[in-house]
Amino acid sequence: MRRSLTCSLCEALCGLEVEVDGGAVTSVRGDAEDPLSRGHICPKAVALTDLHDDPDRLKGPMRRDAQGQWSPVSWGEALGEVSRRLAQVQAEHGRDAVGLYVGNPMAHNFSGALALQALKQALGSRNLTSATSADQLPHMFAALLMFGHQLALPVPDVDRTDLMIIVGANPAASNGSLMTAPGIMKRLAAIRSRGGEVIVLDPRRTRTAEAADAHYFIRPGTDALFLLAMLHVIFEEGLTRPGLWQGYSKGLSALKGAALGFSPEAVAAAVGVEAEVTRGLARKMARARSAALYGRFGICTQRFGGLCAWLINAINVVTGHFDRPGGLMFARPAADLADLASLVGQRGSYDRWRSRVSNLPEFSGELPVSALAEEMLTPGPGQLRALITVAGNPALSTPNGAQLDRAMASLDFMVAVDLYLNETTRHAHIILPPVSPLERDHYGLIFHALAVRNTARFSPPLFDSPVGDVRPDWSIILDMARGLLKARGGIEGHLGALAVGAMARVGPRRWLDAALRVGPYGIGAQGLTLDRLLEAPHGIDLGPLTPALPERLQSPDGLLDLAPDVLVADVERLREAWTSGSLAPAGGLALIGRRDLRSLNSWMHNSDRLVRGQPRCTLLIHPDDAGARGIADGQRVSITSRTGAVEVDAALDAAMMPGVVSLPHGWGHDRPGAALSVAARRPGASVNDLTDEIHLDTLTGTAGFSGVPVEVAPA
Ligand SMILES: Nc1nc2c(c(=O)[nH]1)N[C@H]1C(S)=C(S)[C@@H](COP(=O)(O)OP(=O)(O)OC[C@H]3O[C@@H](n4cnc5c(=O)[nH]c(N)nc54)[C@H](O)[C@@H]3O)O[C@H]1N2
Ligand SMILES: Nc1nc2c(c(=O)[nH]1)N[C@H]1C(S)=C(S)[C@@H](COP(=O)(O)OP(=O)(O)OC[C@H]3O[C@@H](n4cnc5c(=O)[nH]c(N)nc54)[C@H](O)[C@@H]3O)O[C@H]1N2
Ligand code: SF4
Ligand SMILES: [Mo]
């Protein structure tokens, strides 16, 4: 039997065509009829079935006893114990004593993500966190401050642009991020074949860089300087382009003021980009018929990530490449989460409270994940004593993960909603396993809103009856919320109870149907409903991106703020780091990460066909840096930072910028007590044993993975 579904693994939203025979998937192909992915898939799509069939995947709730032995337990008992223990901790130590960490896969699981809103209400804790502060938070921060909504995230209109400048992203490996663009490498190649240009700035000459017209090395963590220098040129040489934006924006002169003193010549030594190159890029951008300056993970997870995200938006605006075909544009999704959030007054928030130990700011109801371990380890009122993790592996994925690993072991209680017993969930007392991605509905609630073309696609579960005693994430999460409220008593009148009750009664499908009906293509327009999507298994095309401003600005004054005060003020922190020489210390080595097409953060290493072949958790180092340290290709090296040390094999690589070394994240599968039998055979080491929770963007609270100072020596 042939069936259509959507791949839920990464942001690309590829349509798949699968053959199913007797409950088993016999082939997986790209869906040529999908209006967005047009047949594209990557090697991970096939491994979706490995995940589904993995004997290590948990098939029922598990409980760990005082001796550390795991045994199966019924859902009733497991959920009962979770409610009791969480309520007890909150009764004894206050609401904030229970924390929540939400991992990346929840962004790909619309029903689970909706249920989480109810769980957060029920918890009433300030210790909420997620992978956001280890990832895209700066983009959301800039969106909130500039456009008035944290979800107003512009995407590059790749299919129509004449010039794409990519800073700190490697779509050849990641398949694109905050840019749902399946088959992105073909789309980039198309820019070149229609006479346009692709330019990459990255401390490593990646596969994306190799496929571009030009690549320039940039020293890790210095992008904000580089972007200010671009702005400097734009203002100095009168390269701003008049346009509609002048009518709905403010702050142009403050923006100009911010760039003062950051000429390309002044910053060149720190940034590693020659002044003439920076000038040339600014001019090229300003003169292009259409252009998109696009920055992603590499510009976010550094000490000045907030500045980078702001400056990128601002440069696109003032050069006339914003909200126009070929520039940065806003998608118009069929179910528009940003609109719905606005209806209930949720446009995002910043700095309503601060973390107890390090005084780091709240963003959108969450505290930075960099503060999670210290909140557990520092005694005193408000200490974190219990944790819920949902679809996250923070022991491997957050800065100084080794410290968090130890801290989680000290908690009074921990519950994990996860597919596996892994490096993080081994610390839980209870694990509640969800259905596999082939056993649930899929709708790209978040990623349709970040897509380079407006489309909508819904896939029902490939397999209707799940294997084993597993439940959908959304129902597990709602049950936890309901149980907690009940155990704490006083359901009546509680906002949390209302949220949980409403969500449970409506259910995710009806919620989605309602969201589609009130959405931009709903009743009165094309009449898009869930039924219509069910009748169109390959998805529905809703057309190219369209201009949206000023209507979609949600700031209180209705204007686009080119120079939000807190960001302008943060330029001084950058200036100070730059002039004091602490931004990019000379002489040492700066650590960066990398992604691989056959890997996905920390959790696809249990698929043999994805991890087979040469070990991939190696340290890339420039031959000159290796030579200076007496390191040969393939030699075992030890890497040391303030927080820890790991050993891996070195790979000499002239594609690295001298002075920069690269280690991928998501490895380190040799921790006792984890049950990932394939991954354990090729464990690698965790880069986050080296990254540092105090190396962060103190403005936004985002982890600073890029540019961590390390030493490397033969092991
Ligand atoms: N040094 C360094 N650190 C990084 C990064 C980096 O590049 N360098 N990248 C950062 C980024 S961008 C991110 S997003 C984070 C990711 O960090 P996390 O989100 O914390 O971790 P993942 O590795 O994605 O782990 C996902 C977990 O969810 C489980 N899971 C998978 N699918 C489901 C599901 O449907 N339901 C449930 N309940 N569980 C599921 C998996 O078994 C796994 O335990 O890591 C960040 N950390
Ligand atoms: N195959 C695969 N695909 C994935 C993932 C995965 O783990 N594997 N993870 C998914 C997730 S959760 C995310 S968030 C996205 C991320 O997707 P992308 O944003 O494309 O992220 P990366 O591939 O990590 O690319 C970041 C690039 O920034 C460079 N870089 C590092 N530091 C700096 C710096 O200071 N300045 C500049 N200019 N560049 C720097 C790195 O060398 C790297 O090439 O990918 C998603 N897709
Ligand atoms: S690119 Fe992403 S969405 Fe597409 S098949 Fe690969 S993992 Fe799945
Ligand atoms: Mo991410």
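The model is predicted, with local features requiring pLDDT of at least 70 and side-chain atom pairs counting only at pLDDT 80 or more, whereas totals for chains, interfaces and linings use all residues. Residues are numbered from 1 along each chain as its sequence is written, chains are lettered from A and ligands numbered from 1 in the order in which they are written, and side-chain values use heavy atoms, with hydrogens and water left out.

**Stop 1: the mixed sheet**

Select the seven strands that form an open sheet in the order 5-4-19-18-17-6-7, with mixed pairing. Strands (E, at least two residues) and helices (H or I, at least four) are DSSP runs numbered from the N terminus, and two strands pair if DSSP finds at least two bridges between them. Strand 5 (70-72) and strand 7 (128-130) are the edges; each has a single partner strand, so one side of each lacks a neighbour in the sheet. From one strand to the next, the twist averages 20 degrees. Angles run from 0 to 180 degrees between N-to-C directions, and axes are lines fitted to C-alpha atoms, for helices over the stretch in contact.

Next, display strand 6 (residues 98-102) beside strand 17 (residues 386-390): five bridges pair them in the parallel sense. V98 has A386 as its bridge partner in strand 17.

**Stop 2**

Move to the four strands in the order 11-10-9-13, an open sheet with parallel pairing. Its edge strands, strand 11 (214-216) and strand 13 (292-295), each pair on one side only. Neighbouring strands here are turned by 15 degrees against each other on average, direction ignored. Strand 9 (residues 163-167) and strand 10 (residues 197-201) run parallel and are joined by five bridges; L163 has E197 as its bridge partner in strand 10. Helix 6 (residues 184-193) packs on this sheet and touches strand 9 and strand 10, its direction making about 125 degrees with that of strand 10. Contact here means heavy atoms within 4.5 Å.

**Stop 3: the hairpin**

Select strand 15 (residues 350-354) and strand 16 (residues 361-363), which run antiparallel and are joined by two bridges. Y350 stands opposite F363 in strand 16. Six residues separate the two strands of this hairpin, and N359 in the turn has a positive phi of about 60 degrees. D351, found in strand 15, also has a positive phi, near 60 degrees, and is not a glycine. Most residues other than glycine have a negative phi, and most peptide bonds are trans.

**Stop 4: the cis peptide bond**

Centre on L549 and P550, joined by a cis peptide bond with omega about 5 degrees. P550 lies in the loop between strand 23 (540-544) and strand 24 (560-561).

**Stop 5: ligand 3**

Finally, show C7, L9, C10, A12, L13, C14, I41, C42, K44, A45 and N175, the residues around ligand 3, where a residue counts as near if one of its heavy atoms lies within 4 Å.
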